[in-house]
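Hi,

Here is the structure I said I would pass on.

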Amino acid sequence: MKDFLKVAIFSLLTIGAFTAYSNFGIPQIVPAPPPVEEVLDLEAMTMDQFIALGDRLYRGKGTCTLCHNELLRAPLLDDSVAMALKHMSDPNYKGEATNVEEYLHESFVNPSAYVMAGFGKAGSNDTESPMPDVSAGGIGLSEAEITAIIAYLQDSSGNEVTVSIPTDVPEETGDEESEGGGGRAPFDSAEAIIAEFTCGACHKIAGEEGEMGPDLTQVGALRDKDHLRRSMLDPNAEITDGFMEGMMPAYGDQLNANELEMLVDYMAGLK
Amino acid sequence: MQKRNSRIIMGALFTAVFALFLLPSIVPGLDASLAFADETTVNLDVDAVTYDPAPKLTEADYPKISGVNSRVVVWIVAQLHLWFGAFVLAVPIFVFIIEAIGMSTRDQRYDNMAYEFIKISITAFSLTAILGGLLVFCLVLFYPDLFNYLATIFKESMFAYALLFFVESAVLYVYYYGWHWLQGGFKKWVHLTLGLLLNASGALLMFLANAWTTFMMSPAGVDAAGVFSGDTWAAIHNFLWNPINIHRMIANVAYGGSIVGAYAAFKFLSARNKEQRAHYDWMGYNANFIAIAALLPLPFAGYYLTAEMYVYSQQMGITLMGGVFAWIFIIQAVLIGALFLSANYYLWCGMGRSEGAHRYNPYMKYIAVVLVVSFLVWFTPHTLVLTNAELKSLGGPYHAILGPLGIMPAKNTAVNLLILFTFLSFMFYRRANKIATVPWVAKGNAVQVALFTAGIINIFILGTYYGYYTNTVYKIAASIPQVLTTLVIIAISVAIDAFMYKGSKEVAPLRWGRVPPRSQYALFLLAVSFTWLMGLMGYVRSGIRQHWHVTNIFRDNSPDAYTPGLGYAANVISIATIIFMAMVIFVFWLSTVSSQKSQATGYWKEQGT
């Protein structure tokens with residue numbers, strides 16, 4: 001019995017050590033929740049908003065930055081227009097695009113039409129791209145969303161945006177989550193907005209202890225409403241000392257006017 | 001002796017081939033799909049079955065039981081089933097090998113040990129079946145649409161699985177209960193063949209179950225909407241099927257060895273006399289040997305599986321290694337480090353069994369240093385999650401020195417050294433009580449030293465030059481020659497030692513049982529770490545599907561569709577491990593009481609003569 005107890009305690013201590021290490025020894029990253037589709041009101045959208053949508057999709061649902069980043073798992077797309085022109089004239093190009101817009105679209109749905117040297121699937125001798133068709137499968141971008149990303153890529157590379165906002169696409173991106181839903185319901189409280197956009201991941205706010213951004217527990221005593229509003233619409237306009245530029249996304253496209261004001265009022269009340 | 005060994009191997013091969021030929025007739029779907037049916041015939045088949053696309057579920061489609069978290073229940077039951085399944089599949093593999101060694105050497109100790117191993121697995125076999133049934137029950141109860149979808153595609157293989165389970169059970173019972181009956185001459189051959197049949201049916205069972213799991217990760221035989229083409233073989237032979245088969249087969253053997261090692265350690269600690277201690281010490285040593293022999297190639301099998309995941313879907317690979325799961329591999333490094341360190345520690349303690357080992361003691365501290373340094377490199381994270389202030393003071397997310405050690409070339413180098421030096425520990429242990437008598441001892445040792453030196457230099461060059469000074473393609477590719485270098489060193493060293501120590505002189509006997517009790521705790525550490533590690537890897541294998549039941553085809557819309565965080569997962573794994581360990585102790589206890597007899601004097605009525 002004594003041996004049994006010793007062994008049991010030893011085993012429990014070992015399991016306890018692994019559990020403690022996993023809980024306290026490494027950073028606790030909370031995985032992003034499953035993506036929820038939104039219904040796009042394309043008719044009411046300006047080109048700037050459409051480009052901003054493309055930016056969001058590029059970094060979010062499209063998962064483009066997973067590979068197209070400085071680690072060079074895939075080519076950087078900071079000058080995608082010049083790249084498109086160059087590739088279309090390459091003898092290895094197997095696609096059918098006749099202009100930049102078509103080429104970019106083709107590269108989304110048929111990435112193997114042209115594979116840059118060194119970026120092909122292992123063993124394919126750069127004839128096959130490891131990139132999936134982004135209009136299908138897990139990414140499942142709609143035509144309008146692909147067009148928005150093309151607009152963003154053209155704009156971010158300093159070129160003229162040649163695409164137009166689609167108007168003949170009914171209920172874009174409406175898959176099973178959004179069918180008949182008419183978009184997300186408006187937020188009814190500032191707390192709900194803070195929870196949804198996980199502000200606490202970077203800021204100290206609403207009981208959360210984020211450290212990447214400024215402490216907002218008493219922000220109302222330090223900033224007026226105009227400043228607070230601006231910091232949400234254009235976060236890089238003014239950076240608090242000790243924090244880095246470019247860390248916070250702009251929320252102007254993700255909140256309606258009422259919601260923005262509700263959040264501003266809430267924060268102004270944090271004193 | 002040579003002739004007898006050849007006969008054993010030939011018999012084993014014959015049965016294996018026979019079992020493989022049976023496969024298509026057992027799995028009805030395979031028969032049709034393996035045939036080279038031409039497309040025209042298929043198109044003209046007016047009776048062809050049409051299949052529905054993968055269902056699009058809402059939260060309401062998932063049955064709920066108040067106060068029960070369906071995902072956690074399925075998670076724990078599936079994990080318990082997998083642990084027991086791994087154990088009962090592994091034990092017959094090495095029981096078969098040990099029995100064959102016993103037949104070859106005519107040393108009955110091996111036969112007795114093999115019997116004791118299989119005795120332990122008998123109760124575990126029942127528990128595996130019960131947990132398998134419970135898992136199906138839970139899936140039907142909590143995820144009926146998913147189960148229905150999978151059953152539509154895999155109905156033939158599921159039916160074959162059930163039949164095969166009967167075959168395996170029947171063979172196991174004859175194998176176990178007929179152990180003492182089928183002894184000597186031809187009967188022993190029949191018994192060994194039964195062992196092979198048991199392994200063949202067990203392996204087939206695992207391969208079939210693996211097909212269902214890997215289909216969920218890398219679906220095949222279905223279109224983008226999840227409509228099944230009717231080709232069962234395509235669905236079974238999906239992209240990740242074989243990588244998982246290989247990885248699980250090797251891991252099962254290592255795992256089975258570690259659990260049996262824990263059993264031997266438990267019996268050693270509770271032994272009441274020298275004979276028992278000697279027996280269970282010997283048993284523990286053999287179990288540890290099995291675990292380590294399978295553990296050495298395991299990182300390579302894992303690496304192959306991961307590489308195949310990248311080939312299948314770069315997104316899946318990046319989610320695994322660069323996304324939220326990246327930190328899993330730091331925990332994994334700690335666990336594998338624990339496995340290697342405990343295995344080495346056990347070997348070093350075991351060197352106390354013979355006075356002849358003293359001459360190797362001075363080297364152990366150097367081996368320990370290499371193991372610890374390699375472990376620390378493997379354990380070094382690449383991307384650090386930092387606060388703003390830390391980011392600023394570091395000048396970026398990568399530390400100047402630790403950053404380069406966090407990437408795969410450094411880790412590959414470290415793991416190859418970890419394996420090589422564990423092998424070196426083992427070589428010293430094997431030589432402990434012997435002195436080679438062949439005239440070319442000095443030359444043989446010199447060749448081995450040169451081999452190790454050249455190999456380690458090669459591993460370093462491949463890891464540093466190709467890892468840091470060339471592009472990504474070479475970084476990944478360099479791992480293969482690194483692995484080959486390690487394997488070549490091990491293979492040639494084993495061959496040289498086998499010839500060099502043939503007819504060697506015993507310098508001091510190995511005194512089984514003469515090990516400190518603390519060495520047995522290394523065996524427990526091995527078993528517990530292995531169990532926990534398998535749980536962790538099960539979480540990540542399943543988790544990389546993210547919010548999909550079947551990757552990119554069948555979305556998970558249950559309330560638990562989110563990926564749980566590491567801490568939460570660790571807690572679930574720990575609870576499951578404790579349940580598993582309690583059940584394993586129950587199995588051990590049963591095997592102990594089954595051999596005990598109580599004299600109930602005066603209880604039974606005297607029978608008149």
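This is a predicted model: local features need pLDDT of at least 70, side-chain atom pairs count only at pLDDT 80 or more; totals for chains, interfaces and linings use all residues.

Helix 4 itself covers residues 70-105 of chain B, 36 residues in total. From first C-alpha to last, helix 4 reaches 52 Å, close to the 52 Å expected at 1.5 Å a residue. Since 26 of its 36 residues are buried, helix 4 of chain B is largely enclosed by the rest of the structure.

Of its 609 residues, 44% are buried. If you take the contacts in chain B with a separation of 6 or more, 82% of them come from residues 24 or more positions apart.

Then there's the interface: 44 residues of chain B are in contact with 38 residues of chain A. On the chain B side, the elements giving two or more residues are helix 9 (241-269), helix 12 (314-321), helix 13 (328-350), helix 19 (472-477), helix 21 (517-543) and helix 22 (566-593). Helix 22 of chain B gives the most, with eight residues. Sorted by class, the side of chain B that touches chain A has 25 nonpolar, 18 polar and one charged residues.

Over on chain A, there's a division into domain 1 (42-156) and domain 2 (190-268). The C-alpha centres of those two domains of chain A lie 32 Å apart.

Cheers

Technical notes: Residues are numbered from 1 along each chain as its sequence is written. Chains are lettered from A and ligands numbered from 1 in the order in which they are written. Helices (H or I, at least four residues) and strands (E, at least two) are DSSP runs, numbered from the N terminus. The expected span of a helix is 1.5 Å times one less than its number of residues. A residue is buried if 20 or more other C-beta atoms lie within 10 Å of its own, exposed if 12 or fewer, and partly exposed in between; C-beta atoms are placed from the backbone. Two residues are in contact if their C-beta atoms, placed from the backbone, lie within 7 Å. Ala, Val, Leu, Ile, Met, Phe, Trp, Tyr, Cys and Pro count as nonpolar, Asp, Glu, Lys and Arg as charged, and the others, Gly among them, as polar. Domain bounds come from an automatic or database domain assignment.
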